[in-house]
Amino acid sequence: MAPTTLSQLAALVVAVSSFGFSSAAPQKSFGPTIESARQNGLQIFNSIHDAMREFGSALHHNGMSLYPGVVPKGVLLYHGTHTTQIPEGFEWLAFEIEHAEGFSGLGLGGPGRNHSDGKPPPGPPPPGMAMQDSHRPPRHDRPRGEGHLHIYQAVRPLNVLYIDGMAAGKTDMGTVDTQDILLVGNRSQTSWDEWERADRLCTLAQQWKIDGFIRMEPGFEIIYCDFTDGLRLVSAYQRPSMEKPGSENAGIRGFEWARAASQRYNDIGSSRVILDYSSMVSAFFYPINLTNPDPKRPELPRLLGASSEEMDVVREHVAESVARSISHLQRPIDWQGVSDMIVTRYVKRLPFIVQTDSIDIIKAEVNGLLNIYIDYAETDENFAGARERCAKFFFQPVEPRTSEDKLIYAAFEKTTSTICSALFEVRKLVIENTDADESVTMQSSKHIISELMESLSWSNWKECGVCKADEVCFIAMWPMGNVEDHYNPSCLNHTTFAESRHNYWRSSNGFPHKPPPQKMICADGQTCEQVEEDLGNEEL
């Protein structure tokens, strides 16, 4: 690991000693449990594997976890607005140029105090999407496009709290549950009320002595609470008017915004954010009711069933975790690195088993994956020792120190145990049961691995592969994306992308437009049109 990265990691925060959550008021008997971490192990694993990665966070868009982190000194951040003035109070910063340009090109800023009526615009619409009347931005009496792009540089490490999932998505699907219900305790807030949401979050930031909150839409952003502290204005250049000859094609501009977001599908890049995984706090750690009241989307967790008292306890846990994270100088465990080792071990070989029509290939793959754990001199029944070694193999370098580390360990061990159990079951079929019908054995084995893959729900299996230069691998990222873009991301060119593509996301007023007809298969044998109709008719 490079020395720079090590020094940045050392600037993070990990407490050596554990602390008891049972003392957190108001419910002394309520707290995080190893049992809950195991029960939600696959979801915790995915949260960590997807953290600060656009693609997986878009697929698992209802985040339930929060991570203290640091934006290192020197990182460049971008802000689109209608003025050259530094914002007074909180505002929005983007990690990608095209993201901020989307605001500056409209002659608007993100939601903040430097707007004429003190209310925020909702952000720029994607190509072909008109804003709803109730959310139109204020007028500024200037031509469309004559805004400004600010470039800021961090002059010190910036302490932030990363909210996972598609936390900047203004939907009623659960994307803002962690902010509205858990962090600020406002269940009546509408998904579009960004001004009040940011104001309340920055009140928390002041109490917790952090600089802001990282969230994701098409690109990662920071709700930054005080532009006069921690930032240096590098430049504030006026943008060309979109109404003048030679201005950028709007369709290409939106397409390149999506491409910029897609370049962060697997990493934020250049260690621009360092997360303290050992101080992670997740609703998945707790015995909370996370059931989605929408029966058609059981895979999307919600906080609607959690009590206010439970949320108070989790919020206090976040406060304690943040305080420990910014006051200690000890390297956290790189749990995302551990998840990468596990995923890369299995991510190609599991679908290979499902897709092959050769029993010999299945035998070879299963033996290739499991032999490292098997001592053929052992005589224990049902490979009990090998199964345990398989489940714990990737955790040998790990030494849990914090209470959160122990919860994550339990969640990861549940994930690897699930994988190993399925593989040993297949091994029993194809290696040990030599008298069985080969065709039946092969189909049973493929069924076991298919169910395993469905349970794991790794985002890697949705990736498009390599797209052409005039295409982008596109997954639905609020406010962009159709139903099929969520279930079956694909390579889209700028012409296809510029068409109306936003019927996947739902807000309090339903879909922004009437969805166009779709024919692709999205889930459970249904066409995307059927899935889309089900989603649109279901009310939360």
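## Cavities

How many cavities of 30 Å³ or more does a search of the whole structure find? In this predicted model, the search turns up 4 of them.

Let's look at the second largest cavity, which holds about 80 Å³ of space. Its lining is made up of 11 residues, and those nearest the centre are Tyr-78, Trp-92, Leu-93, Ala-94 and Phe-103. By class, the lining divides into 6 nonpolar, 4 polar and 1 charged residues. At least two lining residues come from each of β2 (76-81), β3 (91-94) and α5 (97-104).

Nonpolar side chains tend to be buried together in soluble globular proteins. Here, the largest nonpolar core has 133 residues, and Leu-183, Ile-214 and Tyr-346 are the ones that touch the most other members. Helix α14 (residues 403-432) provides the largest share of this core, with 12 residues.

Beyond its neighbours within four places in sequence, Ile-214 contacts Met-52, Val-71, Phe-95, Val-160, Leu-161, Tyr-162, Ile-163, Phe-220, Glu-221, Ile-222 and Val-273.

## A buried asparagine

Now to a loop residue: Asn-62 sits between α4 (54-59) and β1 (65-71). Is Asn-62 buried or exposed? Asn-62 counts as buried because its relative accessibility is 5%, and the cut-off for buried is under 20%.

The side chain of Asn-62 also makes a polar contact, at 2.8 Å, with the side chain of His-61. Setting aside residues up to four places away in sequence, Asn-62 touches Met-173, Gly-174 and Thr-175, along with Leu-300, Pro-301 and Arg-302.

Note on methods. Residues are numbered from 1 along each chain as its sequence is written. This is a predicted model: local features need pLDDT of at least 70, side-chain atom pairs count only at pLDDT 80 or more; totals for chains, interfaces and linings use all residues. Side-chain values use heavy atoms; hydrogens and water are left out. On a 1 Å grid over the protein atoms alone, a cavity is a set of points where a 1.4 Å probe fits but cannot get out, and a pocket is an open set with protein on both sides within 12 Å along at least five of seven lines; lining residues have an atom within 4 Å of a point. Grid points are joined across faces, edges and corners, and a volume is the space filled by probe spheres set on the points. Helices (H or I, at least four residues) and strands (E, at least two) are DSSP runs, numbered from the N terminus. Ala, Val, Leu, Ile, Met, Phe, Trp, Tyr, Cys and Pro count as nonpolar, Asp, Glu, Lys and Arg as charged, and the others, Gly among them, as polar. Buried means under 20% relative accessible area, exposed over 50%, partly exposed in between (1.4 Å probe, protein chains only). A polar contact is a pair of N or O atoms within 3.5 Å; within protein, one must be able to donate a hydrogen and the other to accept it, and residues adjacent in sequence count only if both atoms are side-chain atoms. Contact means heavy atoms within 4.5 Å. A nonpolar core is a set of buried Ala, Val, Leu, Ile, Met, Phe, Trp, Tyr and Cys residues joined through side-chain atoms within 4.5 Å.
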